[in-house]
Amino acid sequence: MEFDILIDGCLVVGILILACLCLATKNLFTAIVLFVSLGLLIAIAWVRLDAPDLAIAEAAIGAGLTGAFLLATWRQLRVAPANNDADTPNKSGGDNVQNP
Amino acid sequence: MFKTPEFKENNHANELPFATRILCATAIGALGLGLIFALILSENISSSLPALVQQNLTQSGVQNPVTAVLLNFRSYDTLLEIGVLLTVAIAMLPNSNFNSDINPHMPGGSRLVSVVNSAPVNPPLEALLRWLIPMIIVMAGYMLWTGAALPGGAFQSGALLAGAGVLAQLSGRLQFCFTSTTAKLLLTIGLITFVMVAVGVATTTGVILQYPLELAAPLILLIETAATLSIAAILLLSYNTLATQTFESSSEPSVFDKQPSALSETSAPNETLQSQTAEGPKP
Amino acid sequence: MTQESLYIIASIGLFGIGLYGVIVAPHILRKILAINIMSVGVFMLLVVSASNMNSTPDPVLHAMVLTGIVVAIAGTALALLLAVKIHTLSRDSDKDDH
């Protein structure tokens, strides 16, 4: 069997399995991390399809920046439901969250 | 898909029933199989566009065909795309938050980048960033320059710069304020340069966006540089807005504050809330 | 099984998985993830149409996909901002009802 078809086959199987896992997993954080790795596999697929500009753009934008946006939003959506404590600060490790 | 979207994780109350899901899966599977069948059996439509691009590549000012198509042959699409990015930036801008209490010596809203002195020091991260951020900036400049002949260009370079900005914000040391004058200049310079070049060449050649042949390469480089700065600023503004959302009316402790294992499994939020309110408000 | 047909199967598969995820997934972030997966499938189909064995690949389609990638991330950022805003406002209205 030709080596090219083997690599392409493995890549396609990996992409489809990652896409299924990304949407079927229970934990949302795992889904976002799987989406970032799906973006990196897609970047390799662009290289296999003779599109190097798209590979650079997908690795930087599709995997990197989209992952950062999704993780930032995931963190915002995880705030606990409202209580009547008005002066508890909202802290985080290194990120820039303000105290109202 | 027509129910209200959920905001709590692991809340399976409003999920679609099993039969509906099976029906959707079979319908989409049948559609997919039909499409695969049709696409594999159909022949490649040979279009004349690649041959046209190859013929006129020498007149475009660059050697990379993708850059030539993006910035010379179909430059109107790129102009409108930068306009779309600016529209998203205008939507993000009122929602971005800047904390002027962190650095009281500097009045808020005047500087693009300000240093946060009260952030906890993280020596390995800062040591890494001292090397990494300049390297990313040099890499972005290289990617911009080499987009003329090799794979690269404005979008890749702008995304790299935005990545450097995201890293700088994540370290906690730097804070970006996008209502400053520098930021507004950076956000709009891409579109302004593109439109000015488009109208300016119309005075010479008579058609908007038709570069004169000897000026094509410098004009493309000028447009790409301005577009890089703009794209980086817009993507960084998007991350800044998404990461600094506050909740003005109700500030409550997040799930991360008490439990170190909050990332693994989502416990019911009410339980953590009971344990936190029992301890009283934090000063 | 040529390279083209493999990637055509991958692109339609990604589109189908994304479409199923948009319809079925309850959480708003999963819907946004599924829309992004659908768009990746569409881009892959465009790039497969652009690649041919004998000469250089079609640069017009590559430029179109590059534009598509950038507009997709802009749309995703806007969708995420809207999700956070709706979450904030709906929580505030729940609090006001008490």
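This is a predicted model: local features need pLDDT of at least 70, side-chain atom pairs count only at pLDDT 80 or more; totals for chains, interfaces and linings use all residues.
Student: Let's start with the overall build. How many helices and strands does chain B have?

Tutor: Chain B holds 10 helices and two strands. Read from the N terminus, its elements follow the order α-α-α-α-β-α-α-β-α-α-α-α. Of the 283 residues in chain B, 31% are buried.

Student: And what are the elements of chain A, from the N terminus on?

Tutor: Chain A runs α-α-α, with three helices and zero strands. Buried residues account for 43% of its 100 residues.

Student: What share of the contacts in each chain join residues at least 24 apart?

Tutor: Counting contacts between residues at least 6 apart in sequence, the share is 72% in chain B. Counted the same way, it is 41% in chain A.

Student: Now a pair of helices. How do I describe the packing of H4(B) and H8(B)?

Tutor: The general idea is that two packed helices are described by the angle between their axes and the distance between the axes. Here, helix H4 (residues 75-92) and helix H8 (residues 216-243) of chain B have axes that come within 10 Å and cross at roughly 30°. Angles under 35 degrees count as roughly parallel, so H4(B) is roughly parallel to H8(B). Their crossing is left-handed.

Student: Which residues make that contact?

Tutor: From H4(B) come B:Ile82, B:Leu85, B:Leu86, B:Val88, B:Ala89 and B:Met92. H8(B) answers with B:Ala227, B:Ser230, B:Ile231, B:Ile234, B:Leu237, B:Ser238 and B:Thr241. Sorted by class, the contact has 10 nonpolar, three polar and no charged residues.

Student: Which residues of H4(B) are buried?

Tutor: The general idea first: an α-helix has 3.6 residues a turn, so residues three or four places apart point the same way. In H4(B), the buried residues are B:Ser75, B:Thr78, B:Leu79, B:Glu81, B:Ile82, B:Leu85, B:Val88, B:Ala89 and B:Met92.

Student: What span should the 18 residues of H4(B) have?

Tutor: At 1.5 Å a residue they should span 26 Å, and the end C-alpha atoms are 26 Å apart, which agrees.

Student: How many residues of chain B are in contact with chain C?

Tutor: The count is 43 residues of chain B, against 37 residues of chain C. Helix H1 (18-41), helix H2 (49-55), helix H3 (65-73), H4 and H8 of chain B each supply at least two residues to the chain B side. H1(B) gives the largest share, 10 residues. By class, the chain B side has 26 nonpolar, 10 polar and seven charged residues.

Conventions
Residues are numbered from 1 along each chain as its sequence is written. Chains are lettered from A and ligands numbered from 1 in the order in which they are written. Axes are lines fitted to C-alpha atoms, for helices over the stretch in contact, and angles run from 0 to 180 degrees between N-to-C directions. Helices (H or I, at least four residues) and strands (E, at least two) are DSSP runs, numbered from the N terminus. Angles under 35 degrees count as roughly parallel, over 145 as roughly antiparallel, 65 to 115 as roughly perpendicular and the rest as oblique. A crossing is left-handed if the near helix is turned anticlockwise from the far one by less than a right angle, and right-handed if clockwise. Two residues are in contact if their C-beta atoms, placed from the backbone, lie within 7 Å. Ala, Val, Leu, Ile, Met, Phe, Trp, Tyr, Cys and Pro count as nonpolar, Asp, Glu, Lys and Arg as charged, and the others, Gly among them, as polar. The expected span of a helix is 1.5 Å times one less than its number of residues. A residue is buried if 20 or more other C-beta atoms lie within 10 Å of its own, exposed if 12 or fewer, and partly exposed in between; C-beta atoms are placed from the backbone.
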